[in-house]
Amino acid sequence: MKRISIFIITLLLCFYSHAQKPRARDLGVPFVGVPGLNNAITDVKGVEVGYSTIISGEGENVIGKGPIRTGVTAIFPRGKAKKFSPVYANWYSLNGNGEMTGTTWVTESGFLETPIMITNTNSVGEVRQAVLKWFVDTDWYRGENWWYTYPVVAETYDGFLNDIYGFHVKENHVLEAIKNASSGKIAEGNVGGGTGMMCLGFKGGTGTSSRVFEINDTQYTVGALVQSNFGAKRNLSIAGVPVGIELKDTLNYEYKAPPKSSRQEGDGSIIVIVATDVPLLPHQLKRIAQRIPLGVGIVGGRGSNGSGDIFLAFSTANEKAFNRGEMTTVQTMSNDLLMPVFEATVQVVEEAIINAMVAAETMEGINGNKAHALPHDLLIETLKKYNRIED
């Protein structure tokens with residue numbers, strides 16, 4: 001009986017292993033830096049991520065009915081169980097054709113007081129309202145009767161695959177993403193707010209990565225989560241290889257009945273959230289956020305006029321920094337020691353974007369419009385051609 005049980009457990013573990021989607025490193029894509037245990041934003045202790053993924057229907061777009069290809073992503077800097085526990089934060093926009101609510105107060109106060117939610121462009125209001133109601137229902141502010149808050153909700157546009165004017169994201173989807181928020185390994189590709197997104201000529205979506213490093217003999221972590229929906233195929237670069245040019249005639253987007261739009265090639269958006277446990281003050285986190293575009297640019301982002309490239313960075317250190325009535329003492333890293341943090345930020349953003357594309361699967365949406373997955377075999381072949389992977 002014991003042998004049978006061991007066999008079943010082993011079988012299940014093997015099945016689980018094979019069921020995992022490959023990531024960029026699994027294909028042999030070379031990256032600089034040492035990843036954390038899960039190579040995810042959740043490697044920063046306390047960070048939790050949850051999704052609600054909404055996929056239904058096919059064929060002709062009937063507004064209000066579908067097809068639906070969208071969702072919601074929730075990020076809790078200290079986990080949802082801690083409730084109101086502000087973290088130092090700041091943000092930066094490379095190109096502002098997009099939205100991230102609540103950022104005015106993040107800049108003014110230096111604190112992020114709420115979870116970060118990411119969805120599609122037309123669902124920002126619904127998600128924001130649902131988060132406020134969840135605060136009330138769960139006593140997020142722990143007994144305060146006259147609290148006010150500004151939920152942080154970001155978006156990218158999925159209207160070429162999703163019935164975006166059908167407004168399908170509802171309160172229950174927001175609550176599902178919140179309920180599902182957890183640490184450890186997290187899904188990538190066509191999940192959460194990234195479900196219907198496209199990137200650099202192929203299917204995009206949600207991706208994540210992390211790096212661990214030492215500063216003065218203390219180990220720290222930087223992690224990123226991206227909702228990737230930007231860029232022109234001709235600019236796609238992976239491991240320094242012009243993959244987009246090599247695959248320029250391969251699996252291009254299929255617009256069988258696209259929405260009327262003045263969209264130009266390269267338009268789109270990317271939301272990037274960077275988390276770290278390095279003790280940083282808000283002005284230093286602004287510096288971190290300003291390095292995020294370097295990672296986006298390595299992969300092929302150019303900050304297109306029609307792109308909402310909006311980034312936020314937060315630190316989980318200094319847990320007791322926020323206090324309404326008393327003086328507090330906080331720690332901060334010297335500016336002269338920040339270079340490893342800058343480098344890790346660029347590295348995790350680059351890898352998270354590529355992970356999103358590697359994990360994404362081909363998706364057909366409204367009117368038969370289709371975004372193809374980045375073909376793993378052709379990617380490997382191209383990288384070998386440029387001697388980035390050994391035969």
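Modeller: Asn-367 sits in the loop between β13 (363-364) and β14 (370-371), where strands are DSSP runs of E with at least two residues and helices are runs of H or I with at least four, numbered from the N terminus. This is a predicted model, in which local features need pLDDT of at least 70, side-chain atom pairs count only at pLDDT 80 or more, and totals for chains, interfaces and linings use all residues. Residues are numbered from 1 along each chain as its sequence is written, and side-chain values use heavy atoms, with hydrogens and water left out.

Although Asn-367 is not a glycine, its phi is positive, at about 60°. Its relative accessibility is 24%, so Asn-367 counts as partly exposed, a class that falls between buried (under 20% relative accessible area) and exposed (over 50%), using a 1.4 Å probe and protein chains only.

Another residue that is not a glycine but has a positive phi, of about 50°, is Arg-142, which lies in the loop between α3 (124-138) and β6 (152-156). Arg-142 has a relative accessible area of 53% and is therefore exposed.

A further loop, between β1 (48-56) and β2 (68-76), holds Pro-67, and the peptide bond leading from Gly-66 to Pro-67 is cis, with omega near 0°.

Ile-270, by contrast, belongs to strand β11 (residues 266-276) and is buried, because its relative accessible area is 0%. Leaving aside residues up to four places away in sequence, Ile-270 touches several others, among them Thr-156, Val-226, Phe-230, Ile-310 and Ile-353, contact meaning heavy atoms within 4.5 Å.
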